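Subject: Handover of a structure and notes on its side-chain contacts

Dear colleague,

Please find below the structure that I am handing over to you.

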Amino acid sequence: MTDFNDLLAPEAVRCGVHAASRKSLLQQLGALASEVYGLDAALVTDRLAAREKLGSTGFGNGIAIPHGKTDQVRRTVGLFVRLSRPIDFGAVDDLPVDLVFALISPVNAGALHLKALAKVSRCMRDQDFADKLRGAGSKDALFA
């Protein structure tokens, strides 16, 4: 299985998250980034929302990878949430999203940001991997 230890702290994984909308989810991701990584919640929410305005990061099969950049981090960090109920995310396949892996990178990350995004995307596109995430019974199982 893929190792995301370079991107994801155990505390940055949540399961059973309730979000009524994409906006609500992005706010919760901002709050989680603040809690886990000490980032400004409103800034992270704003950066993620700004990226979503360019086009949905919901790439299909119930998965989204919202991402943004800020000068508050020195390396790319991640957040993973499994929603209690899927929400409309404007995904390319019009299916609601229940698995969300957010990435926050330094402003000057460039290729490193794209590399992290590609790594997460490759894994999340794997149906067996996504099924394991959906079937994991706890936060610890999700992180493992």
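The notes that follow concern salt bridges, charges over rings and aromatic pairs.

This is a predicted model, in which local features need pLDDT of at least 70 and side-chain atom pairs count only at pLDDT 80 or more, while totals for chains, interfaces and linings use all residues. Residues are numbered from 1 along each chain as its sequence is written, and side-chain values use heavy atoms, with hydrogens and water left out.

Salt bridges

A search of the whole structure finds four salt bridges (a side-chain nitrogen of Lys or Arg within 4 Å of a carboxyl oxygen of Asp or Glu). Three of them are described here, with helices (H or I, at least four residues) and strands (E, at least two) taken as DSSP runs numbered from the N terminus. For accessibility, buried means under 20% relative accessible area, exposed means over 50%, and partly exposed lies in between (1.4 Å probe, protein chains only).

Another is formed by E35 and R14, whose closest N and O atoms are 2.6 Å apart. Because E35 lies in helix 1 (residues 22–37) and R14 in strand 1, the pair ties together parts that are 21 residues apart in sequence. E35 counts as exposed at 57%, whereas R14 is partly exposed at 22%.

R22 and E52 also meet in a salt bridge, at 2.9 Å from N to O. Here R22 belongs to helix 1 and E52 to helix 2 (residues 41–54), 30 residues apart. R22 is partly exposed at 26%, but E52 is buried at 8%.

Rings

The charged end of R22 also sits over the ring of F89, 5.1 Å from its centre (NZ of Lys or CZ of Arg within 6 Å of the ring centre and within 35 degrees of the ring normal). Likewise, the charged end of R125 sits over the ring of F59, 4.3 Å from its centre.

The structure holds three aromatic pairs (rings of Phe, Tyr and Trp, the last by its six-membered ring, with centres within 6.5 Å; planes under 30 degrees apart count as stacked, over 60 as edge-to-face and the rest as tilted). F4, F80, F101 and F129 form one aromatic cluster.

Yours sincerely
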